[in-house]
Amino acid sequence: MKFTRKSLCIPYALWLCLFVVAPLFVLFYYAFTDGTGAFTLSNLTGFFTDPNALGTLVYSFAIAIVTTAVCLLLAYPTAYILATGKLKERQGVILIFVMPMWINFSLRITALKELLDVIEGNLAMYPFLNAVIGMTYDFLPFMILPIYTTIMRLDPAYIEAANDLGANNRDAFFKVTLPLSMPGIMSGVSMVFLPAMTNYVVLDMLYNSTYIMGSLIGSYFSAYNWNGGSMIALILLGIICLFTLLGGSDEEETKARGGALL
Amino acid sequence: MKKIVRPLFLGIMLLFMYLPILILAVYSFTDSTQIGAIHGFSFHNYVTLFTTPELLHMILGTLLLAFGSAVIATLLGTLGAIGSFYSKERTGKVIGILNEVPVVNADVVTGFSICILLVVVFQISKDTFIPLVVGHVTLSAPFVYLAVMPKIKQMDPSLYEAALDLGAKPSTAMQKVVIPQIVPGIVSGFGLAITLSLDDYFIATYTKPATFDTISTYVVNATRGSQTTIKTALWALSTVIFLVVVLVVILMNLQNRRQGKEVSVEKTA
C-alpha cells in the first residue's frame, strides 16, 4: 500500500470508534434495557419518579452552582491582578497559581481534610460547606487559568480608548474588560461545573455521605447494576451536551484542563 | 489602596491553596499522627514510605501506568492529528468532534462506559490491565491531539512539498521534515498525558484490577481506613510529590525563559 499522510489517522480513528463511539452505544443499549436484555423505559421513568434520585440531582446542581460561583468570585480577581499591572510582565507567577493542579488531587484533599478536621472538630457537621470548600480547593486553578489567558490577550488599547472617551476605571472595567473576558469565564465555568456535579470522591473523603450524580453511578457500579448506572451516565451526558451547546467548549478549556503546558 | 489590596488578595489566595499542603509537609517530619499535636522531629514517615513494599508497588505501578499510557496516547494522538489535518475536511471534522468527547465528558462517565464495553460486554478481565490502559489512553490521547494540532497548522506546507521535489519519499519527508517541526507540541502532549494519568481516580476505579492501586485510588481507600502508619506515610508522599512538582515547574520556567531569550535574539539579529 502506498504511504499517504491521510492514512496516518487510521489508527486513531479506529481507536475513537472502538473506545469513544462504541461505549456510548453500549450505554444507550444498557440504559434502555433491563437485566434480561428486554427493552424498557423503567430506568428512565424510575429516575424521574424517584424522589431520592431527583433530590440527588437537585443537590448536585446546588453544589455545582455554589462551587462555580465561589470559584469565579475568587478566580476572577486573582486572574485579573496577575494579568494586569506590574505582574503582567512576570509571567512565571501564574505558574504558582496553576501548580496545584499537577499535585495529585487525592493527596491535596487529604491535606485539606486534616486541616478542616482541626478547625471544625467534626467534619460531618458541615457537609454542604465542606463539599463546597473541598471542590473549590480542588478546581480553583482550572478557573484561574482560562480567565488569565483571556485577560492577558486583551489589547490594552481598548482600555485606553475607553478612558480617552471619558470612561472612568470602573466603567472601563465593567463595560470593556469584563465583557471581553467572557470567553475565559465561560470555559472556566464549564470546567468547574461538571466536575462539581460528578466528583463524588471529594465528598467521600470529607465524610459527606450525601449523594451527588457521580455517586449514583458509583453505587450502581458497586451493585453490578449496569442498566441503572448507564441511565445516570446518559442523563449526565445530556447535561454535558446542553452545557456545550450553551457555552461552547473551546480550545482554552481543553488546554486549561491539562494545565498550561503550552 | 491598590498597592495593598492586590498583594493582600493574592497572598490570601496562595494561603488557601498551599496552607494545607505545607502544614501536612511540616507534620510529615514529625512522629505525630494528627495535625495540631506537637511532637518530636522524625523521618519515620519517609522510612515507611520508601521501605513498605505495598506503598512502593503502588507508586511504581502508578508511574509505569502513566508512562506506558502516555507513550501510546502520544503515538495515537500525534499520528491522528497529522492524518486528520491532511484528510478531507469532513473526515477531519468528524475526528475533531469525536476527539472532544472524552475531553468534555465527566471522567465518571468515561470510566463507567469503558468498563461496561470491555468488561461487561467483551468479558475482558480487569486483571489483564487492558481496560485500565485503554481507559487512560482514551482519556489522554485527545489532549495530545489538541496539543499537536496547532503546531501542524502553523507549519509551512511548502516545506513538505520541497522535500518531495528534492526526491524524498513521503515517509522520509514525514520523518525528517514534518515531525521535527511539531516536536514541541508532541512533548507538551506527552506531559499532559502523564499528568492526566497521574491525577485520574475515576477511570482507574472502574477499570483497574482489584489487586492493583494507583496513588489516587490508594489514597482514597486509605482515608476510609484507620491505619495511622499508612496515613502519615502518605503525608510524606504528598510532600515528595509537592517538591517534585515544584522542581519540574522551576525547570520548565527556566527552559521557557532560555527559549524566550533565544527567540528575541533571533528577532534582533
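## Helices 5 and 6 of chain A

In this predicted model, helix 5 (residues 105–120) and helix 6 (residues 127–153) of chain A pack with their axes 10 Å apart and at an angle of about 140°. Because of that angle, helix 5 of chain A is oblique to helix 6 of chain A, the limit for a roughly antiparallel pair being an angle over 145 degrees. The crossing of these two helices of chain A is right-handed.

On the side of helix 5 of chain A, the residues that meet helix 6 are A:F105, A:R108, A:I109, A:L112, A:L116 and A:E120; their counterparts in helix 6 of chain A are A:L129, A:N130, A:I133, A:G134, A:Y137 and A:D138. Sorted by class, this contact between helix 5 and helix 6 of chain A comprises seven nonpolar, two polar and three charged residues.

## Helix 1 of chain A against helix 6 of chain B

Helix 1 of chain A makes the contact through A:Y12, A:W15, A:F19 and A:V20, while helix 6 of chain B contributes B:V134, B:V137, B:T138, B:A141, B:P142 and B:Y145. By class, the contact of helix 1 of chain A with helix 6 of chain B has nine nonpolar residues and one polar residue, with no charged residues.

## The second largest cavity

The structure holds four cavities of 30 Å³ or more, and the second largest cavity has a volume of about 70 Å³. From chain A, its lining includes A:F19, A:V20, A:P23 and A:L24, and from chain B it includes B:V101, B:P102, B:N105, B:V109, B:T110 and B:S113.

The elements that give two or more residues to this lining are helix 1 of chain A and, in chain B, helix 4 (89–104) and helix 5 (107–121). Helix 1 of chain A gives the most to the lining of the second largest cavity, with four residues.

Technical notes
Residues are numbered from 1 along each chain as its sequence is written. Chains are lettered from A and ligands numbered from 1 in the order in which they are written. This is a predicted model: local features need pLDDT of at least 70, side-chain atom pairs count only at pLDDT 80 or more; totals for chains, interfaces and linings use all residues. Side-chain values use heavy atoms; hydrogens and water are left out. Contact means heavy atoms within 4.5 Å. Ala, Val, Leu, Ile, Met, Phe, Trp, Tyr, Cys and Pro count as nonpolar, Asp, Glu, Lys and Arg as charged, and the others, Gly among them, as polar. On a 1 Å grid over the protein atoms alone, a cavity is a set of points where a 1.4 Å probe fits but cannot get out, and a pocket is an open set with protein on both sides within 12 Å along at least five of seven lines; lining residues have an atom within 4 Å of a point. Grid points are joined across faces, edges and corners, and a volume is the space filled by probe spheres set on the points. Axes are lines fitted to C-alpha atoms, for helices over the stretch in contact, and angles run from 0 to 180 degrees between N-to-C directions. Angles under 35 degrees count as roughly parallel, over 145 as roughly antiparallel, 65 to 115 as roughly perpendicular and the rest as oblique. A crossing is left-handed if the near helix is turned anticlockwise from the far one by less than a right angle, and right-handed if clockwise.
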